[in-house]
Amino acid sequence: DDEPVVVDVMREVLGPDGYEIAAASDAWSARGLVEGEDWDALLLDVMLPDENGLELLRWIRERHPDLAVVVITAFGTVEDAVAAMKIGAFHYVAKPFNNDEVRHVVARAVQSTRLRLENRDLRKALLERHRFERIVGRSRPMQEVYRFIEQVAQSRSTVLIQGESGTGKELVAQAIHRRSLRSGKPFLVVNSNS
């Protein structure tokens, strides 16, 4: 926020709750803060001296998708609120704001960011733990299968797995699915032999 009074009020409102607070008065400084450290929440004014806050919100969503951003403005319109939420704002607060509302929204935003990061870390740990848990083999051909799984899992292409009955086609398909961008979606086995 480019208004020192608003920054001071935020420090008074949120400081007693134990938050580490840093302030930026323009979009350029805010980018530096966001890139410099990991934050749990960001309060963002729509009207900044060097850039529209919604443009900064787009930039943040692209680079830090887990960071909860609360948009604040004195010139709040329904259109601004809808635009901010479509871009990915966690919440929208109009000035003058209620201190208790800000405390509540920030607490929820912090919790949201922490849960997203924890979920991402748990998925990553689970993937590492079950890397190729049911596929057995250390031979050179099996190492090639493992590399193939890692490679195709990141593509959006359809993969056809062929082989004799009992060779582990379904295990390979499951390993590809777990590593793919669609890993959060259901894995459905269809038996085409019947």
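Contact here means heavy atoms within 4.5 Å, and helices (H or I, at least four residues) and strands (E, at least two) are DSSP runs, numbered from the N terminus. This is a predicted model, in which local features need pLDDT of at least 70 and side-chain atom pairs count only at pLDDT 80 or more, while totals for chains, interfaces and linings use all residues. Residues are numbered from 1 along each chain as its sequence is written, and side-chain values use heavy atoms, with hydrogens and water left out.

**View 1. Helix H3 meets helix H4.** Leu 54, Leu 57, Arg 58 and Arg 61 in H3 touch Ala 83, Ala 84 and Ile 87 in H4. By class, this contact has 5 nonpolar, no polar and 2 charged residues (Ala, Val, Leu, Ile, Met, Phe, Trp, Tyr, Cys and Pro count as nonpolar, Asp, Glu, Lys and Arg as charged, and the others, Gly among them, as polar). The axes of H3 (residues 53–63) and H4 (residues 78–87) come within 9 Å and cross at roughly 15 degrees; axes are lines fitted to C-alpha atoms, for helices over the stretch in contact, and angles run from 0 to 180 degrees between N-to-C directions. That makes H3 roughly parallel to H4 (angles under 35 degrees count as roughly parallel, over 145 as roughly antiparallel, 65 to 115 as roughly perpendicular and the rest as oblique).

**View 2. An open sheet of 3 strands has the order S1-S2-S3.** Its pairing is parallel, and two strands pair if DSSP finds at least two bridges between them. The edge strands, each pairing on one side only, are S1 and S3 (91–94). From one strand to the next, the twist averages 25 degrees. Look for 5 bridges between S1 (residues 41–45) and S2 (residues 68–73), and for 4 bridges between S2 and S3. To find your bearings, Ala 41 stands opposite Ala 68 in S2, and Val 71 stands opposite Tyr 92 in S3. H4 packs on this sheet, touching S2 and S3, and its direction makes about 155 degrees with that of S3.

**View 3. Helix H6 crosses helix H7.** Here the axes of H6 (residues 140–153) and H7 (residues 169–179) come within 8 Å and cross at roughly 40 degrees. That makes H6 oblique to H7. H6 contributes Val 145, Phe 148, Ile 149, Glu 150, Val 152 and Ala 153 to the contact, and H7 contributes Val 172, Ala 175, Ile 176 and Arg 179. Sorted by class, the contact of H6 with H7 has 8 nonpolar, no polar and 2 charged residues.
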